[in-house]
Amino acid sequence: MTIQLPGVGGVLRTYTPRAEPLALATGAPFTSRTVFSAAHVVADPYADVSPDSPAAVDWDATLAFRRHLWSHGLGVAEAMDTAQRGMGLDWAGAAELIRRSAAEAKAVGGRIACGVGTDQLTGPASLEQVRAAYEEQLALVEETGAQAILMASRALAAAAHGPEDYLDVYGHLLRQATEPVILHWLGPMFDPALEGYWGSSDLDAATDTFLEVIAAHPDKVDGIKVSLLDAQREVDLRRRLPDGVRCYTGDDFNYPELIAGDEQGFSHALLGIFDPLGPLAAQAVRVLDTGDVKGFRELLDPTVELSRHLFQTPTRFYKTGVVFLAWLAGHQEHFTMVGGLQSARSLPHFARAYELADGLGLFPSPEPAEARMKTLLALYGVTP
């Protein structure tokens, strides 16, 4: 069986789908690395909403996907950028997602960490309002029993006048936190409103401020998530962390080498690409648990081409590819996203994503995935 896939310019090429998926078993959590997958949300396709409406979520399918990730030993990073936080999912929806997912994590024994931000602020805000918004969200996450991830804030980036404002706001929050948190540095390629975060567009100066926050409260920082898509900068930052503070890579371009590490250390992981790669990523980390770095790289290195494709510029629209692959893999019955974001990538982009994912054996049932791909092609007017 073959399928005609369109490339740029409308030229069709013949592709022969893989006959068998990879054999990827479920399993217990890992021993050598702490690994979170940032998870997407499943929209309710029957809701009569517009892109400007509050998110309508299919809770059953959304929680089922989290159980899928937990079954493979992965932790879930909830209500993060991958869940369309600030791109279709507002604070009210995120709060409900956090409550439901944290309860589900307790029920199944899954690890969960949840995003704490300031997205209930919808206009210009003072530093006091930013701090209060963070406090509200931190309190909710801690009430659920989930670990908190202090996310980068658009409102703080707009309100801060320099590094001292970041030191003040984050210092206040860390003193309040009851358990160690994960600090999240999301680069402007993921969200342009975060340009100049930590008080400077000079990344060296921003790094110094970031490290100053951590050094002042090392007992309240479990780790940092770095999403700058710069492997060497992450390694350099990782080597400057206080003892006991982990680096969770958020680099969806260079994750195999960063997780594998070097003679001076390694990164743990909190990655959006582990949403579609979950079972394969879990198998790779279990190989790494045995000390087999070569085997780990042999499994995970071939996935980088798919990840770089999904996260290509504009990077913030990678969520569209993640949900597209979840639909092809059978984790949801439709390709609809909150905010209408399913329209954010082109047909050639989808075709290449399908080809790369199929080549990796990511689809548990290749034939239904092929059928769904053909349905999408037909909707775009592509016929055999």
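Trainee: Which element gives the largest share of the lining of the second largest pocket?
Mentor: This is a predicted model, with residues numbered from 1 along each chain as its sequence is written, and local features need pLDDT of at least 70, side-chain atom pairs 80 or more, while totals for chains, interfaces and linings use all residues. Side-chain values use heavy atoms, without hydrogens or water. Among elements (DSSP runs numbered from the N terminus: helices H or I, at least four residues; strands E, at least two), α1 (59-71), α9 (274-289) and α12 (318-328) each give two or more residues to this lining. The largest share, 4 residues, comes from α9.

Trainee: Which residues lie nearest the centre of the second largest pocket?
Mentor: The second largest pocket (an open set on a 1 Å grid, protein on both sides within 12 Å along at least five of seven lines; lining atoms within 4 Å of a point) has a volume, filled by probe spheres on joined points, of about 270 Å³. Of its 20 lining residues, those nearest the centre are His68, Pro279, His331, Leu362 and Pro364.

Trainee: Which elements give two or more residues to the lining of the largest pocket?
Mentor: The largest pocket has a volume of about 390 Å³. Its lining has 22 residues, with Arg85, Gly86, Asp119, Arg154 and Asp191 closest to the centre. Two or more lining residues come from each of α4 (154-159) and β7.

Trainee: What is the volume of the largest cavity?
Mentor: The count is 1 cavity of 30 Å³ or more, a cavity being where a 1.4 Å probe fits but cannot get out. β7 (181-186) and β8 (221-227) each give two or more residues to the lining of the largest cavity. Of its 14 lining residues, Asp81, Thr82, Lys225, Gly272 and Tyr318 are closest to its centre. The volume is about 90 Å³.
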